[in-house]
Amino acid sequence: MDKILIVEDEEPIARLIEMNLKRAGYSCEVAFDGMTGADKLEQNTYDLCLFDIMLPGADGYELLEYAKSMDIPVIFLTAKGETYDKVKGLRAGADDYITKPFEVIELLARIENVLRRFHKIGNETETAGLSINSASRTVTKDGRRIDLTCKEFDLLQLFVRNPGVALYREMIYEQVWHNPYMGESRTVDLHVQRLRKKTGLEDRIEAVYKVGYRFRGDKE
């Protein structure tokens, strides 16, 4: 299980991030100021850090320098959204930069991408009785291969990577079809129906009234 350090001085935001990351299967620790974050870095081992930039005690740039000396990837979480600030953060060594407010699904995708770049996350995912290999894009169940179309596989990965998150149809369409959503709810619904039937996830991929769908992970 990947371990993530969150250093964010706004406690409600920090706790919300912590809750969602734990639901996604990560182990988390939280600090609300830079000095406590530095202490945790010194005392523990982490696979990834999420740092706000404006922190009391020691700012995100100071923590970044400390984390990079330990070869720990860092994502900046900040309200400073100007291009200059993003470039400054990336040039300082941050591995990614996400501006508040952000959607949980975007944060989870960026975390996964950074962990994969650092080879801290494997290609194989086991959930709901399925074995999903993102490298070969194959899915097996009880040793039997399940043939999915390209869109069905992308749809499955989107659900599995966001357990417990209610995903809007428009967001599903834009993430899987990579086009602006123009009301194509039937396209999404038909693909979800076929995916449920092929994988046996009828009870795991739940419809959310007037929203879209939610994947119930193994820990729910």
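**First stop: a hairpin**

Select strand β7, residues 130-133: 4 bridges join this strand to β6, and the two run antiparallel. Here strands (E, at least two residues) and helices (H or I, at least four) are DSSP runs, numbered from the N terminus. Two strands count as paired if DSSP finds at least two bridges between them.

Before moving on, know what is on screen. This is a predicted model, in which local features need pLDDT of at least 70 and side-chain atom pairs need 80 or more, while totals for chains, interfaces and linings use all residues. Residues are numbered from 1 along each chain as its sequence is written, and side-chain values use heavy atoms, without hydrogens and water.

Now click on Glu126: across from it, in β7, stands Ser131. Then try Thr125, whose bridge partner in β7 is Ile132. What lies between β6 and β7? The two strands make a hairpin with 2 residues between them. Pick Ala128 in that turn: its phi is positive, about 50°.

**Second stop: the antiparallel sheet**

Strands of a sheet pair through backbone hydrogen bonds, either parallel or antiparallel. Which strands stand at the edges?

Contact means heavy atoms within 4.5 Å.

Next, show the open sheet of 5 strands, ordered β2-β1-β3-β4-β5, where the pairing is parallel. At its edges, β2 (27-31) and β5 (96-99) each pair on one side only. The twist averages 20° from one strand to the next.

Zoom in on β1 (residues 3-7) and β3 (residues 48-52), which pair in the parallel sense over 4 bridges. Leu5 stands opposite Cys49 in β3.

Select Glu29, in strand β2. Not counting residues up to four places away in sequence, Glu29 touches Lys3, Ile4, Leu5, Ile6, Lys40, Asn44 and Tyr46. Draw a distance from Glu29 to Gln43: their C-alpha atoms are 12 Å apart, and the two lie 14 residues apart along the chain.

Which residues meet? Gly34, Gly37, Ala38, Leu41 and Glu42 in α2 meet Leu63, Tyr66 and Ala67 in α3.

Most residues other than glycine have a negative phi, and most peptide bonds are trans. Select Asp71, in the loop between α3 and β4. Its phi is positive, near 60°. Then move to Pro101, in the loop between β5 and α5. A cis peptide bond joins Lys100 and Pro101, with omega about -5°.

Turn to the second largest pocket, with about 280 Å³ of space. Among the 14 residues lining this pocket, Asp154, Gln157, Leu158, Arg161 and Gln175 are the closest to its centre. A pocket is an open set of points on a 1 Å grid over the protein atoms alone, where a 1.4 Å probe fits, with protein on both sides within 12 Å along at least five of seven lines; lining residues have an atom within 4 Å of a point. Volume is the space filled by probe spheres set on the points, which are joined across faces, edges and corners.

Colour α5 (104-117), α6 and α7 (169-177), the elements that give two or more residues to the lining. Which gives the most? That is α5, with 6 residues.

Terms used. Axes are lines fitted to C-alpha atoms, for helices over the stretch in contact, and angles run from 0 to 180 degrees between N-to-C directions.
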